[in-house]
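Hi,

Here is the structure I promised to pass on to you.

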Amino acid sequence: MTIGEIVFVPENSLQGQEISGHILWDREKKIILGIELPDGIRVKELYNVEKKGYSVDGQIITINKFEVNGYLGFTLLTSIYKESKIRNEIKFILESGTEKNVIKKTIELFRPDINLIKTPCQINIKVDENNKLSLDNRLLIENLGEGTGVINLEIDKKSELDKIDPAGIQEFSRKFWESANKQFESLKNQYQEYAELIDNFSQLNSGITQFDKHGMNKIKIIFKKLNRACEENNSFLEDFAGIIVSSYLKNISILTEVESFIAYLQSIHLGKMMLFDPVKVLKITTKTKILKAKLGITDLAYNKYDPIEFQEIQITANKECELPIHQLLSFIKKEKET
Amino acid sequence: MVDPLTSSIIAEGGKTIVGGVLKSIIKRSENIDKNIEEDFKVLGREMIIQCPESIQQYSLTFESKKHLFSKKKKFRYGNVRRVNLRPFRSLQSLSKVIDYTNDGFEINTKYLNTGEIYLLEIEYKIEDKRFIENLVNKNVARDTPKTESDEYWMVAQLKHLKTLKQDFGYIELRDIDFGVDVSVHQDVKMKVPGIFRNKLETIMKLTKKVGRSEKFRLYQQLLQQQQEEYGGKEFQILKDLQDIFIPMTFRHYVDVQKDFHYNDCERGRDFYDTLPFPTWPKSMKVISRTDLNFDRPAADGLLIYKRKNLIEDLEKIFS
């Protein structure tokens, strides 16, 4: 019988995400366990190890005292690498008397790799008799990575153009939150332990404008807490969902199912890219205005990437119009996916 | 390298909470044992924690060892959720025997027979909601690199294995919940034909406040589009698309393997959506479950999203 019977490490993971694994071996066998980690991976936690039962030497961790023999659990922290995909090897060395067993596990770490391929300095919009918009230029974006990228057009304070909600959505949004907030007050009385969480959720109404560390953390914490509250308290889940649904239904006349489906399609782009503000628009006039902005990038584990800066863009139209953000950007798929 | 932010890599966090809760539930079980042992002979014990509901389920088998006088045995160890007593031979529940009180329950011994073996099952709610969270490390894949068939890993591990070993045996953790957000957005987007989308956009514009001439023009455009594919079927198609994402249907697009089993699915809560209304799911949250105990301190599972099958069904909607 070999010493290490089961060694589990995930085969792949999003870079920057915590990964967990474990080793199970014959309980009768006393072992010394060595874990050799590659660069960019750190240990966050070990489970079932005695307080003074381990030592660390660079990237090698040696464990010789377990609370209960036969099991080790661990959580590792991965980094964001320069490469959008990297294969790393974790080595486990199990020694019991004269027996030695070396087990190597490979993990593929991936992430989105969003690139701005083209930034025009001028965009001219032609509004035809059907109010259909034709742009002579767009920002061209590509995801060269395998992770899903979430993209946000972050407008600079000095920009002459700003993101706004289109007319229909504005009205819906206002009425939806009015209705929901009214009902949240009684929900707060009913579930006082979640009052702060409900307030925080309600404040999302004012919107997250930037993918900065603070904003991302805020979203992450609110939804983590909300998920936990819904998981631990079924009646809260039902009441909370009831408010969202009833506020939606009350105002449905403003927003059709068709419109919500269109908004859904507008937010998604092939090549594993999603747009953060799918229905927001830029108000374009016949007078040339300057758009000063950058692209904020995150992924499905809320990792923050360096924003993509781009030059100022002059935008003008032959007729006043609302330009949806998704039309300003053109997303291209990776060659191998097409 | 050790995470410099943490002074120690040994999972000590939450140990006090776990220890505190276990101490109180063990104490309660010991009190029940003592009380039962006054009149009966205890043959076996089992303790299970039902994780989703956070319930301590304590079961014991006992035999009446002497002639029982008609009396009510009181078990005042807190608000009990459910008590069930049944003879081991028939396993038929004896509903008359149990009376619930404000601070526990009573067993009316006049209905019990000498020499008979009984199974007593008692459930208490574990009030500290942090208990499971501090006892079990849960981790799942957030995204997948593959495009054909997505595989999401899931891992459950006991942080404090030693605490599950008790004098009477081992405590079992049942049905630990795991939620995995399965991304579906690319598939819908990929399969919605442009012609269908254009038609929807015209319909959408018609629902807005527009001038008479503009409305006339849009009607003309729509009439023209109605001659094309999908004409008049738009709402049925939208309904069929919505049906894909009801749990009963979506369940067929996922397969849960290894140490986990499928439990349920629901529309994912999309945090990246700033829209204040539920539109269409970008992800489906699939709930899987697993068990852990002293002999199985860790479990790993695989959730397979059968993308190809979903795409085939989407194609059928538009065929």
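What percentage of the residues of chain B count as buried? Of its 319 residues, the share is 33%. Please keep in mind as you read on that this is a predicted model.

Staying with chain B for a moment, its secondary structure is made up of 15 strands and eight helices. I also looked at contacts in chain B between residues at least 6 apart in sequence, and 72% of these join residues at least 24 apart.

Now to chain A, where two domains are assigned: domain 1 covers 4-110 and domain 2 covers 114-337. Where they touch, domain 1 of chain A supplies seven residues to the contact and domain 2 of chain A supplies eight. The side belonging to domain 1 of chain A, facing domain 2 of chain A, has three nonpolar residues, three polar residues and one charged residue.

One residue I followed up is Ile117(A), which sits in strand 11 of chain A, a strand running over residues 114-118. Is Ile117(A) buried or exposed? Ile117(A) counts as exposed because 10 other C-beta atoms lie within 10 Å of its own, and the cut-off for exposed is 12 or fewer. Leaving aside residues up to four places away in sequence, Ile117(A) touches Leu140(A), Ile141(A) and Glu142(A). As for Asn152(A), 35 residues from Ile117(A) along the chain, the C-alpha atoms of the two are separated by 16 Å.

Best wishes

Terms used:
Residues numbered from 1 in each chain as written. Chains lettered and ligands numbered in written order. Predicted model: local features only at pLDDT ≥ 70, side-chain atom pairs only at ≥ 80, totals over all residues. Domains from an automatic or database assignment. Contact = placed C-beta atoms within 7 Å. Nonpolar A, V, L, I, M, F, W, Y, C, P; charged D, E, K, R; others polar. Helix = DSSP H or I, 4+ residues; strand = E, 2+ residues; numbered from the N terminus. Buried ≥ 20, exposed ≤ 12 C-beta atoms within 10 Å, placed from the backbone.
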